[in-house]
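Here is a short report on one protein model.

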Amino acid sequence: MSTIAEIVGQRIRNFRTQRKWSQEKLAEKADLHPSYIGQIERAEKNATVESMEKISIALEIPMARLFQNLGGKVSDYTDYPFLCNELIASHPKEEQKLLYEILCQIEQYKLN
């Protein structure tokens, strides 16, 4: 089981790479040091609440998105599109395309 810091760090990396930003660009936008961004993404450091707020503002996402569904329980209000996006974004580009194609095939199968 991944730690909260690992999950949140991966989410930050996913949101950053979706924007095609380097760690340096995110650091500049968040007014943080680039090495600190890397340490947070690798779960080497626990970010402060203030730093997490700066990162979420820079990424233009609600801070809650970084901490969503950390308990591991699936509820009736689970944000499945978010979870699917998170799953796909956590893979390399080549695999992302393959996962997308699999979803398209499933959707096509349902229509037939």
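Accessible areas here come from the Shrake-Rupley method with a 1.4 Å probe; for residues, only the protein chains shown count as cover. On that basis the protein exposes about 7900 Å², and carbon and sulfur atoms hold 56% of this surface.

The model is predicted: local features need pLDDT of at least 70, side-chain atom pairs count only at pLDDT 80 or more, and totals for chains, interfaces and linings use all residues. Residues are numbered from 1 along each chain as its sequence is written, and side-chain values use heavy atoms, with hydrogens and water left out.

| Property | Value |
|---|---|
| C-alpha box along the principal axes | roughly 50 × 30 × 25 Å |
| Distance between centres of positive and negative side chains | 2 Å |

The protein has seven helices and zero strands. Helices are DSSP runs (H or I, at least four residues), numbered from the N terminus. Of the 112 residues, 30% are buried, meaning under 20% relative accessible area.

Next, the core. A nonpolar core is a set of buried Ala, Val, Leu, Ile, Met, Phe, Trp, Tyr and Cys residues joined through side-chain atoms within 4.5 Å. The largest one has 19 residues, and I12, L26, I55, L59 and L66 touch the most other members. Helix 1 (4-18), helix 2 (23-30), helix 3 (34-41) and helix 4 (49-59) each give two or more residues to this core. Helix 4 gives the most, with four.

Take L26. Beyond its neighbours within four places in sequence, L26 is in contact (heavy atoms within 4.5 Å) with I12, R16, W21, I37, I55, A58 and L59.

Notes. Buried < 20%, exposed > 50% of the residue type's maximum accessible area, 1.4 Å probe, protein only. Lys, Arg positive; Asp, Glu negative; His and termini not counted. Charge placed at Lys NZ, Arg CZ, Asp CG, Glu CD.
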